[in-house]
Amino acid sequence: MRDLRLSLNQTQKVRLEAALEELQELSSSAASAIVTVAETIPVNHEDGVLKGHGTTELNGEVVATLCGVVERVNKLVYVRALRARYKPEVGDIIVGRVVEIAPKRWRIEINFSQDAILMLSAMNLPDGIQRRRTAVDELNMRSIFGENDVVSAEVRGLQHDGSLQLQARSQKYGKLERGQLITVSPYLVKRRKQHFHHLEQYGIDLVLGCNGFIWVGEHVEAQENAMTEDQESETEENKKPNKKSMTLEEQERTYTPFQTRQNICRIANAVRVLSALGFCLTVEVIIDTAEASASLNIDIKDMLGAEFYVLTAEREVQRRKSIKKGG
Amino acid sequence: MAPPGSLQTLLSPAELSFLHSSLSLQPPIRPDLRKSTQFRPLTAETDILPTTNGSARICYNDGTEAIVGVKAELEKTATQGRAKVDAETMDDVEEGNEHAGFQRRVTKAANSWLETSVEVPGFRDDDSLPIFLGALITEALLSSGTLQDKLWINERWHWKLYIDVLLLSPPLSYPLPLLSLTTHMALLSTSLPRLISEPSDDPLFDDDWAAAVPLYAKDAHGEYTARPPATLLVMTVGTNILFDPSKDELAVAESVIAVSFIPRSDRAASSVDDAMKIVAVRMVDPPSRLTPPGIPDAVNPATLSASAPAPQSSVNQEALSSAVKGSVWNPPRGGMKRSLLAQIVKMVTQSGGVGEEVLEGLAGVET
């Protein structure tokens, strides 16, 4: 509860504590492989143990050197630290912020121990044509992604020197605009099949980056459709004067309805509340929290108030209980 | 002015433009959907440092936290051959309601009796940010004009007040209001040892800390008769006025202003129905000045081919560029309009306004 600093009144305090205690009871029965520093990890020495990250040997026993969860893969025992920086795995969907443009590559901050690298050759060009990257493309890199732009991409692999390569070989990846970026601890985002979510009832896109960067923004239609439409109507368009269609497009590009803006903030606040309480961020829980706030008639501005934190904690208890009963 | 380098927010032009357009709507949509005069929730406590005369700690929900310690030290006043104050006047002064005695004190108190130091992690003490923040806080304290007088003991002795402001977290947002409010709370909790010697003698103090005299006394109803100043940060976007801007909001601010105020002491007597009095105002250079401008699609080579086939005539081109200019982010230029400034001052000072609300809120968390 490091991040949680709330001004709770007495009853709220009691309720929150009760909820958190109940959560602890629920989870402790499931898996109790959480260790703190200097805690002994029980192992079967006869099998021969490979000590991995976050462990060391002390007086013939395997001892944790990190706070986290014990993971076992065959003989290997290691501790996966919570509250650490993001640890990338190949295929992860991440959201990052461009920090630097270097020759043929962008450096992207993703809360990894070093900046990730997105090569110009590892991404689709905006015109969607597969071809060799020319010197002109290289000069135009800044117009694709500039410094500070928020981009989504996929982890391609780790180089031998420990640097991280990204790729963005699909139109769904790319620059994210018109929305909010929220950063949470990476362990709160679990790897799932889907990380791009279109919440239709709110008209927004939610990108849960595995690195704990969460994007909440207005829904953007996939580019690929737009592309084909463009090509079809291109001949038509060329005949017309461009000015009108252009400005309309620009207006559309910049205009986000009032309601959508509010929805973005509502979802963002839901993410903030959940992450402050240390609950896993899945799209279901986020929507559930947002809907709860709407159905309880809580103003979005009050979502960060103490009462809603307590309510969210209590709802989480209910949810986990029902899951347990069902399972 | 304020050094923006370290406080630079990293937001892309697209985000800036989105945020700016959200904030310029009527009513503005702030990223966490606060009302324009709503403050971020904070927790506060006082008297946390046992060896200081007064101390306070405030932390925001986002984790920014500040501690202020106030330490008083007895100091000899540099004498300039002034006439000795007779005992009669002194008694009046002790009661604190004699106007003549009050006037006397004002002339004797010196600004150097107050020393403020601000420490911000990651900054040297001669960096411009801590110095600027320190100057702003000291300026407000001194210009309220009442604090120095409280430090006066007699002709030859006075208290010297050291205010140490310590920001514990990296400055996530512009930390001025946090530091100022913490200083405010610390000063409210400050007590000075009780004087037991004759007023004109060399001072001798009561050992009993429980008998110490609070620097800011409460009246019979438990209300403070006077309060130290508080400083608020106010930003404007278009015609919208936003109080307590967060870091992201500051990144699109068109202008930022620091307003210091104290409660009006002569409220009953005066005809104006203002609850607060402005003691200091400073324009702050907003970090938005240094944000990168966006590139309109029409002139962006990456998107040019996709979104806009080359225009046929140069007239068209010009019309295009002017039309799209407003659609992308451009760093704001220029200052604050007079009418906006007047509106801000009014919002802060009027009775039931933001200033009163803040001081009431702080009184509520004093525990």
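Which residues in α10(B) are buried? They are B:L340, B:I344, B:M347, B:V348 and B:T349. Keep in mind that you're looking at a predicted model.

**Helix α10 of chain B**
- This helix covers residues 338-349, twelve residues in total.
- At 1.5 Å a residue it should span 16 Å, and its end C-alpha atoms do sit 16 Å apart, so the two figures agree.

- In soluble globular proteins, nonpolar side chains tend to be buried together.
- Here, the largest nonpolar core has 79 residues, and B:L161, B:Y174 and B:L187 make the most contacts inside it.
- Helix α6 of chain B (residues 176-188) gives this core its largest share, eight residues.
- There's also a second, separate core of 39 residues, with A:Y202, A:I264, A:F279 and A:V283 among its members.
- Back in chain B, and setting aside residues up to four places away in sequence, B:L161 touches a list of residues including B:V70, B:W113, B:L147, B:L187 and B:L215.

**Two asparagines in chain A**
- A:N111 lies in the loop between β8 (105-109) and β9 (116-123).
- With a relative accessible area of 17%, A:N111 counts as buried because that is under 20%.
- The side chains of A:N111 and A:R85 are joined by a polar contact of 3.3 Å.
- Beyond its neighbours within four places in sequence, A:N111 is in contact with A:R85, A:Y86, A:P186, A:N211 and A:F213.
- A:N297 sits in another loop, between α7 (283-295) and α8 (306-326).
- A:N297 is exposed, since its relative accessible area of 71% is over 50%.
- A:N297 and A:Q12 are 285 residues apart in sequence and 19 Å apart in space, C-alpha to C-alpha.

Key
Residues are numbered from 1 along each chain as its sequence is written. Chains are lettered from A and ligands numbered from 1 in the order in which they are written. This is a predicted model: local features need pLDDT of at least 70, side-chain atom pairs count only at pLDDT 80 or more; totals for chains, interfaces and linings use all residues. Side-chain values use heavy atoms; hydrogens and water are left out. Helices (H or I, at least four residues) and strands (E, at least two) are DSSP runs, numbered from the N terminus. Buried means under 20% relative accessible area, exposed over 50%, partly exposed in between (1.4 Å probe, protein chains only). A nonpolar core is a set of buried Ala, Val, Leu, Ile, Met, Phe, Trp, Tyr and Cys residues joined through side-chain atoms within 4.5 Å. Contact means heavy atoms within 4.5 Å. The expected span of a helix is 1.5 Å times one less than its number of residues. A polar contact is a pair of N or O atoms within 3.5 Å; within protein, one must be able to donate a hydrogen and the other to accept it, and residues adjacent in sequence count only if both atoms are side-chain atoms.
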